[in-house]
Amino acid sequence: SAAIIVMMPKCSNLFAKGKIDDYKSLIKKGLEFSILLATPASVGLMILTKPLILIFCGNKYTAAFFPMKILSFFILISTIENILYSNILIPIKKEKAIFLAQIIGLLTNILINCLLIPVLNVTGAVIGTIISEIITLLIMIYFSNNFFPLKKFCLLICKYCLFTFIMAIPTYLLSIYLKGNISQLFVCTITGCFVYLLCLIVTKNELLIQTKEFLVKKIKKEN
């Protein structure tokens with residue numbers, strides 16, 4: 001979210017000056033950076049739902065395990081939504097599209113809640129939230145026209161989902177093997193980060209290389 005907020009004035013400035021190629025390039029980088037972080041975060045939360053709830057909330061909230069697993073995907077969905085409305089729809093003056101998407105999402109959420117909450121309780125509310133957010137996201141993508149790199153987006157999702165799947169295997173196995181909640185949280189988080197970072201290094205991820213070069217230059221300047 002912080003990166004998206006930082007990008008917003010830069011995106012607006014580039015679009016206002018007619019530097020469309022630079023604007024699209026910045027959008028692509030911001031989108032990739034967001035997906036790179038949000039995808040493993042969503043899956044990591046899903047795997048570590050149990051120890052997180054038990055540590056911070058206690059045994060009284062065990063019923064929240066399954067709803068929280070579903071809600072974990074909200075991280076990825078909301079991150080992409082933020083890119084769309086902050087860095088695309090607002091700079092291209094489509095505030096009405098944002099309003100329309102949010103209204104349709106709200107009405108969808110209310111409708112699904114009315115149908116599912118009496119049957120599934122809190123799980124129904126969570127399902128309603130996720131479905132309404134997906135619909136809101138799709139509407140925003142539609143109104144983003146040529147400024148949203150849809151093909152690039154699909155490729156990024158596939159790539160980082162693959163890395164996340166590789167990360168999830170040892171993380172999930174460790175979460176089953178380890179008994180203590182704190183040890184599960186600590187060991188699984190460290191392992192997941194290590195495996196995911198290893199995937200980025202092995203594939204020579206461009207964003208990782210650029211980040212490394214930026215940090216090296218900054219350290220050299222300070223010294």
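Is Glu32 buried or exposed? I worked from a predicted model, and there I find Glu32 buried, with a relative accessible area of 9%.

Salt bridges. I then looked up the partner of Glu32 and noted that its side chain meets that of Lys159 in a salt bridge, with 3.4 Å from N to O. The count of salt bridges comes to one. I traced Glu32 to helix α2 (residues 20–47) and Lys159 to helix α8 (residues 150–177), so that the pair, 127 residues apart, links distant parts of the chain. For Lys159 I wrote down a relative accessible area of 31%, which makes this residue partly exposed.

Cysteines. I searched for disulfides and recorded zero. The sulfur of Cys193 has its closest cysteine sulfur in Cys188, at 11 Å, and this is too far for a bond, because a disulfide requires the two sulfur atoms to lie within 2.5 Å. Cys199 is likewise in no disulfide, the nearest cysteine sulfur being that of Cys193, 12 Å away. I also noted that Cys199 is buried, with a relative accessible area of 12%.

Aromatic rings. I listed six aromatic pairs in the structure. Last, I noted one aromatic cluster formed by Phe15, Tyr23 and Phe147.

Conventions
Residues are numbered from 1 along each chain as its sequence is written. This is a predicted model: local features need pLDDT of at least 70, side-chain atom pairs count only at pLDDT 80 or more; totals for chains, interfaces and linings use all residues. Side-chain values use heavy atoms; hydrogens and water are left out. A salt bridge is a side-chain nitrogen of Lys or Arg within 4 Å of a carboxyl oxygen of Asp or Glu. Helices (H or I, at least four residues) and strands (E, at least two) are DSSP runs, numbered from the N terminus. Buried means under 20% relative accessible area, exposed over 50%, partly exposed in between (1.4 Å probe, protein chains only). Rings of Phe, Tyr and Trp (its six-membered ring) pair if their centres lie within 6.5 Å; planes under 30 degrees apart count as stacked, over 60 as edge-to-face and the rest as tilted.
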